[in-house]
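Let's take a walk through this structure together, one region at a time.

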Amino acid sequence: MLRTVTTAAVGLGLLASGCAPDSEAPVKVSVLSRSSNGQYVPTQVELTTIEDIVGLKGTVGDLQGGARIVIDANDPALQNATEATVADVLLKNKGHDVKASYITQKDEKTGADVLWPADFHSWNMVTSYYNLERANEYFRTVANVKVATFEPMPTLYYFPDFIQRQLSKDPLRDNAIFYPVLQSFLVLPFDRIQRAPLPLNAAVMAHEYSHLVFNRLAYAGQSLPVSLSVWSSESPSQGANVLKAFDEGLADYHAYGATCRSVSGCDPRFMAPSFDGGPFAGVTDARDLSRGDRCMTATLYVRVRDQDVASFTSDGAEYQVGTLVATALYQAGRSTGQEAQLQRDIVSAYYDTDPANPGIYQYTQQVLGDQTLFTLAVPARAIISHITDLELRKAVCNEFMDHLQIPRDLLIGNNLCPASAAGGTTCPSIFQ
């Protein structure tokens with residue numbers, strides 16, 4: 001998706017008791033969370049995975065401050081880096097443990113001690129950790145992801161200097177990122193996004209967490225995924241374009257799924273709290289899953305097939321196609337009332353060694369030498385074949401045929417779309 005302040009400010013404030021708080025989980029703490037009326041307010045929660053409440057380290061993540069990450073294509077060390085050494089090349093400064101500060105207060109109803117963050121960064125950091133915990137819980141419980149998938153525990157670099165030399169000499173701002181090369185999350189300083197900074201938006205963090213899950217399964221946990229690396233070096237880059245589009249679309253759909261477990265309820269416009277009324281106001285409408293009129297165009301279809309990956313991503317085409325993927329899944333899940341089941345089935349399609357029912361990763365390995373064979377239909381087939389309910393499977397088939405314009409004959413078959421699946425009537429055919 002889509003951000004320096006120095007970390008010297010991190011840790012300002014005093015503990016009311018004058019000593020470090022107890023870190024043994026569960027820990028009662030206040031975070032900034034979206035209420036049932038859509039406002040971000042201090043909310044008492046329990047952190048169930050925390051091991052160090054001051055350093056904000058637990059089984060779902062480890063916050064680090066003061067890091068400096070520089071991507072420079074002209075850096076000789078980067079040009080010669082391997083998957084084992086690339087992190088050391090990019091991390092010019094690995095940073096240090098953060099230090100959150102709290103004031104201990106009594107809960108008026110229960111009398112229990114509750115930790116209140118004592119400064120801006122402490123509020124921001126503890127909320128970031130809590131949102132990682134919520135995303136992890138969604139994927140463990142709703143999507144049925146095995147605990148081992150989340151190992152090793154990712155680092156969350158808080159307000160790092162993140163510089164992409166070919167874009168700017170200045171650090172990037174206003175973004176939350178899963179960066180697979182480091183197998184880590186980056187929460188960048190915010191500047192223009194002030195309404196609800198991205199780390200406070202639980203759905204945005206769930207979107208980024210979805211990228212981690214996709215990487216650990218559909219890319220087999222590779223920091224430099226072989227399929228992307230090989231296919232991105234070629235032109236055109238259809239296979240890489242399809243992978244990036246599905247990764248983004250599935251992340252949006254899972255972000256929506258995560259909102260359904262919040263007090264504010266299911267929100268297909270989950271980006272609105274951060275982007276509406278600001279300089280990026282158009283983002284919400286562009287990624288609104290409830291817009292059922294979105295259709296693949298002939299131009300966009302050709303771009304997927306014929307462009308190199310740099311050209312395809314330069315103006316966000318992977319998000320445009322990804323939104324079509326997310327919209328199709330949203331429509332299918334809502335129409336059948338089986339959204340949670342669909343979310344679970346989707347993740348089961350990422351990695352499957354059954355030769356009769358391969359996952360997305362297995363499909364990439366089958367056609368690694370010829371990415372022209374990895375069309376939009378291939379990951380769609382992986383998802384469809386892992387949907388266990390026939391009514392839900394047919395609904396997904398119809399939506400993929402309609403919104404993504406995947407030809408019907410590429411999806412019909414054993415364990416795939418039933419013969420009665422004929423696509424929808426929303427989108428005009430681009431093949432006439």
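The buried residues of helix H15 are Leu392, Arg393, Ala395, Val396, Cys397, Asn398, Glu399, Phe400, Met401, Asp402 and His403. Please keep in mind from the outset that this is a predicted model. Counted up, 11 of the 14 residues in H15 are buried, so the helix is mostly covered. What do these buried residues pack against? Their partners are three helices: H11 (317-336), H12 (339-348) and H14 (377-385).

Now look at the two ends. At the start of H15, Asp389 points a side-chain oxygen to within 3.1 Å of the backbone nitrogen of Glu391. Following the helix comes Gln405, with a positive phi near 55 degrees.

Cys397 is buried, with a relative accessible area of 0%, and its disulfide partner is Cys417, the two sulfur atoms being 2.0 Å apart. This pair links distant parts of the chain, since Cys397 sits in helix H15 while Cys417 lies in the segment after H15, 20 residues apart. The torsion about the S-S bond is -100 degrees, and the link of Cys397 and Cys417 is left-handed. Cys417 has a relative accessibility of 2%, so this cysteine counts as buried as well.

**The other disulfides**

How many disulfides does the structure hold? There are 3. Another of them joins Cys295 to Cys427, with an S to S distance of 2.1 Å. Here too distant parts of the chain are linked: Cys295 is in the loop between helix H8 (282-286) and helix H9 (298-306), whereas Cys427 is in the segment after H15, 132 residues apart. The S-S torsion of Cys295 and Cys427 is about -85 degrees, so this disulfide is left-handed. Are the two cysteines buried or partly exposed? Cys295 is partly exposed, because its relative accessible area is 25%, while Cys427 counts as buried at 10%.

The remaining pair is Cys260 and Cys266, whose sulfur atoms are 2.0 Å apart. With 130 degrees about the S-S bond, this link of Cys260 and Cys266 is right-handed. Both ends are partly exposed: Cys260 has a relative accessibility of 29%, and Cys266 has a relative accessible area of 38%. If you number the bonded cysteines of the protein chain in sequence order, the pairing reads 1-2, 3-6, 4-5.

**Helices H6 and H9**

Two packed helices are described by the angle between their axes and the distance between the axes. For H6 (residues 238-259) and H9, the angle is about 120 degrees and the axes are 6 Å apart. To find the meeting place in your viewer, select Gln238, Asn241 and Val242 in H6, which meet Arg303, Val304 and Arg305 in H9.

H6 itself has 22 residues, and its first and last C-alpha atoms are 32 Å apart, close to the 32 Å expected at 1.5 Å a residue.

**Two aspartates in loops**

Asp288 belongs to the loop between H8 and H9, and at 6% relative accessibility it counts as buried, because the cut-off is under 20%. Its side chain makes a polar contact of 3.3 Å with that of Arg269. Leaving aside residues up to four places away in sequence, Asp288 touches Pro268, Arg269, Arg294 and Thr327.

Asp170 lies in the loop between strand E12 (161-164) and strand E13 (176-179). With a relative accessible area of 41%, Asp170 is partly exposed. A polar contact of 3.5 Å connects its side chain with that of Lys169. Asp107 is 63 residues away from Asp170 along the chain, and the C-alpha atoms of the two are separated by 44 Å.

Terms used: Residues are numbered from 1 along each chain as its sequence is written. This is a predicted model: local features need pLDDT of at least 70, side-chain atom pairs count only at pLDDT 80 or more; totals for chains, interfaces and linings use all residues. Side-chain values use heavy atoms; hydrogens and water are left out. Buried means under 20% relative accessible area, exposed over 50%, partly exposed in between (1.4 Å probe, protein chains only). Helices (H or I, at least four residues) and strands (E, at least two) are DSSP runs, numbered from the N terminus. Contact means heavy atoms within 4.5 Å. A polar contact is a pair of N or O atoms within 3.5 Å; within protein, one must be able to donate a hydrogen and the other to accept it, and residues adjacent in sequence count only if both atoms are side-chain atoms. A disulfide is a pair of cysteine sulfur atoms within 2.5 Å. Axes are lines fitted to C-alpha atoms, for helices over the stretch in contact, and angles run from 0 to 180 degrees between N-to-C directions. The expected span of a helix is 1.5 Å times one less than its number of residues.
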